[in-house]
Structure formats: structure tokens, C-alpha cells
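Subject: Structure handover

Hello,

Please find the structure below. Notes on the core and the aromatic side chains follow.

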Amino acid sequence: MTELVLCTLCYLIRDGKYLMLHRVKKKNDINHDKWIGVGGHFEAGESPEDCVRREVKEETGYDLLSQRFRGIVTFVYSGDGGEEITEYMHLYTSDDFTGEQIECDEGNLEWVDIDKVKTLPIWEGDKIFFKLLAEEREFFSLKLVYETDTLVHVELDGKPFAYETQPSTA
């Protein structure tokens, strides 16, 4: 049976750096030991904007004053144990926030130079949307299909998309 997930993901930006979450604190975490943005699952009645503001506050302590909706990422995952996940991730960035950073119970938060993010252990498909973000591409729809940790298919705006896989250097 396929699990269907609605979630948000946000990359906070400050001084040429993204706030990254190194997922090391949760057991049975599909993102274990990966570096990702902050965000999480929708709660009943939430809009994507409600969800991203709540999740950023819960995980970082920061209050978003504004956010930019950058795209939808459809993440399709088939694991070795037979699990299947389809996640519709609403992707945001923000350089407009206030507050004091707190400790996150899902991992360690760290500000990372934007040009160094691709050297971290991240999902291969994340490299594609980081490239789209860097290009200041208008709103996009990106579909990433994985078999365990291997990216096997990519579509951009509903069309097959050729990509180069590059191993992480970390």
C-alpha cells in the first residue's frame, strides 16, 4: 500500500547560506543522515503557508515574515522493505524571518554556504531543485522517482528531464 504524504519544505537564507537540518535524531527515518531543509506534514485544515510557518517555527524557533512558494516536488519512493511513499512537497524559500534559533528534536541545524550544499549527503534529486532555485526559475513541478536511494526517473513540468548524477563528496 502506498502512503500519501502532503508536506512543506523550506530553505531559510541568510548571508549566502541555507539553514540545513542534518537528520540524525529520529529512528526509522527515510531521511536519516541526510541534510534537508525544514518542514513537515500538513495538519488538518492547514494551507501550505500555514504548514510551512508552523513547521519552521517548531523546528527552528524562527517566525517567517514572508516566504516564496518555489515549486511542487513529487517524491515517489519504493524501499527494500516493500514500503511505497508518494510525497507532495510544497517547496519554499525565505530570507525574511525573525527570532532566535532553537535546538531541533529531529536533527542538527547548521547554516551552510549555498555553494557547498551539494557536497553534503543529500538526496540526488535535491541537487536538481537546488539548481532550479539558483537559476531563479519561476514556479516548477518536479517529479523524482526513487528505488531505495537511487534516483531512477525525473520529470520537470510534466516532461522527462535529463539529469547528471554526481556522487556526494561527503
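A nonpolar core here is a set of buried Ala, Val, Leu, Ile, Met, Phe, Trp, Tyr and Cys residues joined through side-chain atoms within 4.5 Å. Buried means under 20% relative accessible area, exposed over 50%, and partly exposed in between (1.4 Å probe, protein chains only).

This is a predicted model, so local features need pLDDT of at least 70 and side-chain atom pairs count only at pLDDT 80 or more, while totals for chains, interfaces and linings use all residues. Residues are numbered from 1 along each chain as its sequence is written, and side-chain values use heavy atoms, with hydrogens and water left out.

Core. The largest nonpolar core has 45 residues, and those with the most contacts inside it are Leu12, Phe129, Phe130 and Leu142. Strand 1 (residues 2-14) supplies the largest share of this core, six residues. Helices (H or I, at least four residues) and strands (E, at least two) are DSSP runs, numbered from the N terminus.

Aromatic pairs. Rings of Phe, Tyr and Trp (its six-membered ring) pair if their centres lie within 6.5 Å; planes under 30 degrees apart count as stacked, over 60 as edge-to-face and the rest as tilted. The structure holds 14 such pairs. One of them, Tyr11 with Phe129, is tilted, at 6.1 Å centre to centre and 50 degrees between the planes. Tyr11 lies in strand 1 and Phe129 in helix 2 (residues 124-134), so the pair ties together parts that are 118 residues apart in sequence. Tyr11 is buried, with a relative accessible area of 0%, and Phe129 is buried, also at 0%.

Phe69 and Tyr92 form a stacked pair, with 4.7 Å between centres and 15 degrees between planes. Phe69 is in strand 5 (residues 63-78) and Tyr92 in strand 6 (residues 84-98), 23 residues apart. Phe69 is partly exposed, with a relative accessible area of 30%, whereas Tyr92 is buried at 1%.

Tyr11, Tyr18, Phe129 and Phe130 form one aromatic cluster.

Charge over a ring. The criterion is NZ of Lys or CZ of Arg within 6 Å of the ring centre and within 35 degrees of the ring normal. Lys34 lies over the face of Trp123, at 4.7 Å from the ring centre.

Regards
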